[in-house]
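Please work through each task before reading its solution.

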Amino acid sequence: MANSKAHPIDKPKHKNKIFTALYTILSIVIFVIGFFGVAYFSYDWIDPLVSNLILIICIILMFIIAIIQVVLSDKCVTAKTIDIIFYSGNILILGLRFFSDFFVLGLFCFNTIMAIIYCIVYFHPKRFDTYKSFFDKKIILIIAFIAILLYLGIYSRAYLIENVVLLYAFIPMAVIFCVFVGLSLSVFLKTFNQLAQKKWTKVGVFIIVLFIGWFYGVIFIDTINSSIPSPYSINSYEIVDKKINGTGARQVTTYDVYFVIDDNTYYIDVSVDFYWQCEVGDMINIKTTQGALNLSYMEVDY
């Protein structure tokens, strides 16, 4: 008697390989451009405007590829709709971001809202078993990538009160942590117990959320303060000293120049090219902005 047991039909993997190859190529380009062209510690080997344009185009292409992958997937309509809104929204905001820094706030707010929607839809006890197989892990990577980009943007600014953003970040951190603990022990208790079955796993999750909350808080404070237009002034100051800091094996090297404002000495990171071109006694143009949250910061006006 012939074996009539049904066997699952393997889905063709060539499409996934194509998508993986495209993601890999674009990721390499983004890394190279980001490291050698945009990073504040890099040489200006390519015009910043051009490097930023290439960076945004590559990121947008990744989102377009992700949309195509979602459309061709076997996800349910709800999951597809949420994913397409996520990718399309980021394409629109990133495109507008190229024309105005104000859309940095839009990028931050949109991804925050989408992260909340994902948590509600995918991790709600009534939907978790249905939607967990549809969850796109790339979403986590993309949100993390955007958060890192926003965090790195902080290093292009020097706050007049050092570490003020880090201190203010504890306020949103506390709010996020309290909300997470409250929901995990009430509405999402069943899902939370499924994902973190052991006691120490639960403790570890709370510690991770605490750190993420602080990281998010830093981005939140700086994004609100710097992306909303506020009064600023541009003044020239004499460079009184210059130093290369953080030359250790595990430290990021920064090129700092020092200047005096009202008898107080400040320093700010500059590009490598500018650092070697300037000398002590030269003048540097500094843009001082009041900040939407009244947290004043400085940037180099090249």
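**Exercise 1.** At what angle do H4 and H6 pack, and how far apart are their axes?

*Solution.* This is a predicted model, in which local features need pLDDT of at least 70, side-chain atom pairs count only at pLDDT 80 or more, and totals for chains, interfaces and linings use all residues. Residues are numbered from 1 along each chain as its sequence is written, and side-chain values use heavy atoms, with hydrogens and water left out.

Step 1. H4 and H6 pack at about 150°, and their axes are 11 Å apart. Axes are lines fitted to C-alpha atoms, for helices over the stretch in contact, and angles run from 0 to 180 degrees between N-to-C directions.

Step 2. This angle makes H4 roughly antiparallel to H6 (under 35 degrees is roughly parallel, over 145 roughly antiparallel, 65 to 115 roughly perpendicular, the rest oblique).

Step 3. Val104, Leu107, Phe108, Asn111, Ala115 and Tyr118 of H4 meet Ile139, Ile143, Ile146 and Leu150 of H6 (contact means heavy atoms within 4.5 Å).

**Exercise 2.** Describe how H6 and H10 cross, and list the residues in contact.

*Solution.* Step 1. The axes of H6 (residues 137-153) and H10 (residues 199-227) come within 9 Å and cross at roughly 55°.

Step 1. H6 is therefore oblique to H10.

Step 2. H6 contributes Ala147, Ile148, Leu150 and Tyr151 to the contact, while H10 contributes Phe215, Val218 and Ile219.

**Exercise 3.** How many residues does the largest nonpolar core have, and which element gives the most to this core?

*Solution.* Step 1. A nonpolar core is a set of buried Ala, Val, Leu, Ile, Met, Phe, Trp, Tyr and Cys residues joined through side-chain atoms within 4.5 Å. Buried means under 20% relative accessible area, exposed over 50%, and partly exposed in between (1.4 Å probe, protein chains only).

Step 1. The largest nonpolar core has 51 residues, and Val218 and Ile219 are among those with the most contacts inside it.

Step 2. H2 gives the most to this core, with ten residues.

Step 3. Apart from residues up to four places away in sequence, Val218 touches Tyr151, Ile154, Val165, Leu166 and Ala169.

**Exercise 4.** Where does Asp263 lie, and is Asp263 buried or exposed?

*Solution.* Step 1. Asp263 lies in the loop between strand S3 (254-261) and strand S4 (264-270).

Step 1. Its phi is near 70°, a positive value in a residue other than glycine.

Step 2. Asp263 counts as exposed because its relative accessibility is 76%.

Definitions and conventions
Helix = DSSP H or I, 4+ residues; strand = E, 2+ residues; numbered from the N terminus.
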